[in-house]
Amino acid sequence: LGICNLKNLFELDLSSNNFEGQLPQCLINLTHLKVLDISSNRLSGNLPSIVANLTSLEYLDLSFIDFQGTFSINSLANHSKLEVLLLSPQNDMLQVKTENWLPTYPLKVLQLPHCRLNVNPSFLLHQSNLKFLDLSHNQLVGNFPTWLLQNNTGLEVLFLWNNSFSGILPRLPNAKYDKLRHLDISSNNFSGKLPENLGIIFQKLIYLDMSKNNFEGNIPYSVGEMKELTILDLSRNNFTGKLPRPIVSSCLSLDWLDLSNNNFYGQLFPNYMNLTDLGSLYLDNNHFSGKMTDGLLSSTLLRVLNVSNNMLSGDIPHWIGNFSVLSVLLMSENYLQGNIPVQLNNLKSLEFIDLSENSLISLSNLSFVKHIYLQNNAIKGLIPIALLRSSTLLTLDLRDNKLFGRIPHQINERSNLHVLLLRGNYLQGRIPNQLCQLRKLSIMDLSRNRLNGPIPSCLGNVPFWREATDDDSSEFFYANNVDSPVAYYNSSLELQLPVELHFRQDQQVGAKFVTKNRYEFFIGSNLNYMAGLDLSGNEFSGEIPWKIGQLQNIRALNLSNNLLSGAIPESFSNLKMIESLDLSRNKLSSQIPPQLTELNFLSNFNVSYNNLSGPIPDKEQFATFDDCSYKGNSALCGSMIKRKCSSALTPPATPTGGGEDESDSVIDMVALRWSFGASYASVSLGLFAALWINSYWRKLWFYFVDRCIDTCYYWLFKYVCAY
């Protein structure tokens with residue numbers, strides 16, 4: 001390679017390309033190289049041996065590469081000028097060995113996440129100039145390494161998250177670590193109370209993450225001394241007490257505060273709150289109770305508010321409408337009641353609202369919102385026309401309320417609606433044909449209502465499929481990345497290394513939908529690939545439109561518990577992606593189309609309690625279904641239900657093309673009923689004519705009837721009236 005002839009080259013940056021295989025050995029000739037960055041490529045195999053020979057290196061970045069095997073840092077023993085070492089494997093196939101390595105040079109930046117270290121690197125005992133240290137995603141054990149702070153008083157960033165550290169945080173010496181700006185010890189096994197002097201020792205922190213541990217007790221008052229703290233995450237611990245006053249009244253720089261999944265209690269938003277820069281507030285999954293007071297009004301920059309799963313009561317406060325930049329509002333699983341305040345219409349930046357599982361009784365015009373979750377309330381009235389006229393709305397969940405009337409037919413032809421969930425209401429009438437205009441719909445649940453009439457055939461034109469786009473991303477991020485780079489210097493190089501921030505992503509756009517006889521919650525990428533239609537539990541009648549068989553991307557179809565009649569459409573063999581098909585408890589007749597054996601992904605099939613007849617297919621997926629799929633159909637036969645078919649009922653071969661006339665069915669139930677009725681009428685008329693013509697038989701007949709009446713009267717009097 002020509003690059004290998006540049007023997008006086010000082011800096012080589014090959015990062016973020018698609019280089020594959022191994023680095024060329026000729027790079028060993030670059031003896032003056034100070035900076036080498038080969039990160040974010042497709043290189044594989046063992047770490048290149050040429051790195052050990054480039055002893056002039058000051059900066060080495062080997063991160064985000066699929067290296068495998070074992071790498072000993074001892075191979076860098078002769079790199080006396082090395083200040084920055086970044087080694088972050090993209091997989092867990094590389095194990096880094098740090099034993100017997102005593103570097104003679106002072107590192108400033110060391111990044112070793114995902115390196116399967118197992119033990120604390122002993123060489124760090126001899127380092128005193130570290131500014132950035134990342135040992136996250138390893139299997140490190142033991143107590144909090146206070147010696148790292150004591151030996152490296154200039155440390156600015158310390159990441160120890162996702163390890164197995166345990167024990168209590170010791171009371172730190174009164175020396176202040178004013179250089180430390182970022183500390184992350186989340187996802188470990190730390191326990192006990194926080195040190196009382198925590199906020200004094202780490203007074204200059206701007207980022208503190210202690211989430212996902214076992215800390216308990218109250219938040220120490222000294223936390224209020226962290227005047228520069230921007231991000232504080234204490235979620236998923238066992239902290240208790242009222243909303244910590246030192247935090248909400250003194251940490252004036254806070255932009256992100258997460259106290260969720262703890263045991264905090266008492267009043268929410270007390271009047272002493274003074275978080276004027278607050279952008280994201282998570283207080284969900286605690287024990288806050290009572291009405292919400294207006295202590296949050298000073299946080300005019302609020303973008304995200306989550307108070308779900310508490311014990312809040314009363315009305316939703318009208319002052320919520322004052323947060324002009326609020327984009328996410330989550331208040332589900334409380335005891336809120338009354339109306340949804342009209343002041344929410346002022347929140348033109350609102351994109352995501354979840355007020356589900358409360359006792360709200362009325363809707364508001366939220367047509368400008370992208371994702372609306374209002375299920376499991378007591379909302380009455382008609383579905384607002386403005387919701388289905390919206391071109392912004394992507395998700396509408398109104399399940400299990402008390403809505404009545406018809407589904408509005410005023411539907412926007414340019415609607416972007418992806419998920420429509422109206423299950424468990426009192427909706428009536430027919431499905432409007434205009435609903436078929438929802439060309440981006442992927443999930444629709446109209447089950448357990450009082451809808452009737454025929455199923456519109458135009459539903460077969462709805463794609464029930466969508467590709468994820470930037471506009472409807474299933475992952476909903478609640479915070480903007482905080483731009484807080486840390487600068488490090490050496491003789492000729494300025495390195496700006498962005499701090500890795502771990503933002504909450506557990507609240508995402510999702511949808512609950514019944515498939516395979518159970519409720520499934522589809523979220524994230526799973527929602528992008530789910531397509532389903534549920535019309536069960538209504539009063540739909542008539543035949544199933546053959547066009548429903550055009551829904552080639554649908555994965556779940558439920559038409560059970562209706563009044564549907566006729567045959568199962570052979571076009572259902574086109575539902576190539578379907579996994580769950582439920583047609584039970586209808587009035588379907590004729591045979592099960594043998595073409596359905598072509599449905600290779602079908603794992604749940606139910607046609608029980610119909611009037612089906614003939615042989616049951618037993619090939620492919622149908623060989624896995626038991627008798628529960630077919631019970632309540634007395635004229636079906638086959639090995640699956642242990643009912644033999646006669647020779648005349650041998651399963652027909654799957655046609656290669658064209659349709660099959662309904663008259664070719666093995667048993668025609670309609671003809672059977674007519675013939676039985678005609679025979680019954682003929683016998684009755686013959687008996688009546690004989691009695692009319694022959695007077696002797698007529699006398700005997702009436703004598704017989706009279707004796708029957710006398711006998712019934714005798715036994716009735718003897719055994720019933722006597723008691």
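**Disulfides and salt bridges in this model**

Two disulfides turn up when the whole structure is searched. Keep in mind that this is a predicted model.

Start with C436 and C458. These cysteines form a disulfide, and their sulfur atoms sit 2.0 Å apart. Where are the two ends? C436 is in the loop between β36 (426-429) and β37 (443-445), and C458 is in the loop between β38 (450-453) and β39 (486-489), so the pair ties together parts that are 22 residues apart in sequence. Now the handedness. The torsion about the S-S bond of C436 and C458 is about 55 degrees, so this disulfide is right-handed. Are these cysteines buried or exposed? Both C436 and C458 are buried.

Next, C637 and C645. They form a disulfide too, with sulfur atoms 1.9 Å apart. The link of C637 and C645 is right-handed, with 105 degrees about the S-S bond. Look at the two ends in turn. C637 has a relative accessible area of 3%, so C637 is buried.

C115 comes out at 0% relative accessibility and counts as buried. C628 has a relative accessible area of 43% and is partly exposed.

On to the charged side chains. Side chains of opposite charge can pair when their charged atoms come close. How many salt bridges does the structure hold? The count is nine. I'll walk through some of them.

First on my list is R42 with E20. These two form a salt bridge, and the closest N and O atoms are 3.6 Å apart. R42 belongs to strand β4 (residues 42-45) and E20 to strand β2 (residues 20-21), so the pair ties together parts that are 22 residues apart in sequence. What about the surface? E20 has 55% relative accessibility, so E20 counts as exposed; the cut-off is over 50%.

Next, E58 with K34. Here the closest N and O atoms of the salt bridge are 4.0 Å apart. This pair links distant parts of the chain. E58 is in the loop between β4 and β5 (59-61), K34 is in the loop between β2 and β3 (35-37), and the two are 24 residues apart. Which side is buried? E58 counts as buried, at 7% relative accessibility. K34 counts as partly exposed, at 24%.

R555 sits in the loop between β44 (539-543) and β45 (556-558), and E579 sits in the loop between β46 (563-566) and β47 (580-582), so the pair ties together parts that are 24 residues apart in sequence. R555 has a relative accessible area of 18%, so R555 is buried, given the cut-off of under 20%. E579, at 22% relative accessibility, counts as partly exposed.

One more case, and this one goes beyond a pair. Which residues are linked in a network of salt bridges? They are R181, K204 and E228.

To recap. The search gives two disulfides. The structure holds nine salt bridges, and one network links R181, K204 and E228.

Conventions
Residues numbered from 1 in each chain as written. Predicted model: local features only at pLDDT ≥ 70, side-chain atom pairs only at ≥ 80, totals over all residues. Heavy atoms only, no water. Salt bridge = Lys/Arg side-chain N within 4 Å of Asp/Glu carboxyl O. Helix = DSSP H or I, 4+ residues; strand = E, 2+ residues; numbered from the N terminus. Buried < 20%, exposed > 50% of the residue type's maximum accessible area, 1.4 Å probe, protein only. Disulfide = S-S within 2.5 Å.
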